[in-house]
Amino acid sequence: MGLWHVFYADWQMECCGTPFSVGDEVSWPLLLLDADDMFGGGWHDQLTKVAGPVEDVGGVRVVREETGLTVALGADPDDDEDRRPLPGDWTRSVGMLSVERHGARWPQVAGRVRAVQLLTQAYAESAPGSRTWEPVAGRRRLRTVERCPKWFTDADAERADEQGRRWRTSGVVVTLEVPGTDSWLSYAVREARGMPQRDPEPGAETKDLPAAALTALLETLSTVTPPPAPAASRRHGRTKGTRR
């Protein structure tokens, strides 16, 4: 079973979501977004790689990930050119998995919630005195919680800190365990536990690991510490013909 980081936005939950706790079974439609477009970018540990053939499902570009995950590909509304791969292509894309409950429909992903982190994002004025606030790339906090709230309130959101920034709770980062899949995160868990990576038994990385120990380990693998060198998510690439 593969482990995947999934972002669940506050407005998505408040609009039509159902709160959940660690250990709950859930089923969500997942969308792969360009990480640079999410709160200004600066993500690292939460990035996801999907690779597999592209299909058209009711007008939605869907990737049947080679290890079993099914996700839709997001398009940049500001792009003059649609950079998404075409149906029939094979693609390898890196981005942020997110829950998307609005618009078109595509197959949902079912799994078990293994960890929940509350995301607090920093915002700064676009120009002094503009009163227009924009997310600050890479300036965010993650705090492990047992349950995703239904409502996200911020008593301090209207007060600026000593650097003139405002901090707003903007959603949760969930670690979702999905049967029949494998992922970068599962690889990292096996590595951290000193387990063999060659032909791993499905679900071996979490088998017999107490829930508290798994949560603590996953917390170390979902941080806001930037990588040593600048890293950005890749936009969806187009690969026609056979897989490579």
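**A buried charge and its surroundings**

Modeller: Glu177 is buried, at a relative accessible area of 2%; buried means under 20%, exposed over 50% and partly exposed in between, with a 1.4 Å probe and protein chains only. This is a predicted model, where local features need pLDDT of at least 70 and side-chain atom pairs count only at pLDDT 80 or more, while totals for chains, interfaces and linings use all residues. Residues are numbered from 1 along each chain as its sequence is written, and side-chain values use heavy atoms, with hydrogens and water left out.

Biologist: Which residue forms a salt bridge with Glu177?

Modeller: A salt bridge here is a side-chain nitrogen of Lys or Arg within 4 Å of a carboxyl oxygen of Asp or Glu. For Glu177, the closest N and O atoms of the pair are 2.8 Å apart. The pair links strand E10 to strand E8, 63 residues apart; strands are DSSP runs of E with at least two residues, helices are runs of H or I with at least four, and both are numbered from the N terminus.

Biologist: How many salt bridges does a search of the whole structure find?

Modeller: Lys207 and Glu201 meet in one of them, at 3.9 Å from N to O. Salt bridges that share partners also join Asp182, Arg190 and Glu205 into one network. The search of the whole structure finds seven.

Biologist: Which residues touch the most other members of the largest nonpolar core?

Modeller: A nonpolar core is a set of buried Ala, Val, Leu, Ile, Met, Phe, Trp, Tyr and Cys residues joined through side-chain atoms within 4.5 Å. The largest one has 28 residues. Strands E1 (2-9), E4 (48-57) and E7 (90-99) are among those that each supply at least two of its residues. The members touching the most others are Phe20, Trp28 and Val172.

Biologist: Where does Thr181 lie?

Modeller: Thr181 is buried, with a relative accessible area of 7%. A polar atom of its side chain lies 2.8 Å from the backbone oxygen of Val178. Its contacts (heavy atoms within 4.5 Å) include Met1, Trp4 and Leu69, not counting residues up to four places away in sequence. Thr181 lies in the loop between E10 and helix H2 (184-192).

Biologist: Which elements give two or more residues to the lining of the second largest cavity?

Modeller: The elements are E8 and helix H3 (211-220).

Key: Polar contact = N/O pair within 3.5 Å; in protein donor to acceptor, adjacent residues only side chain to side chain.
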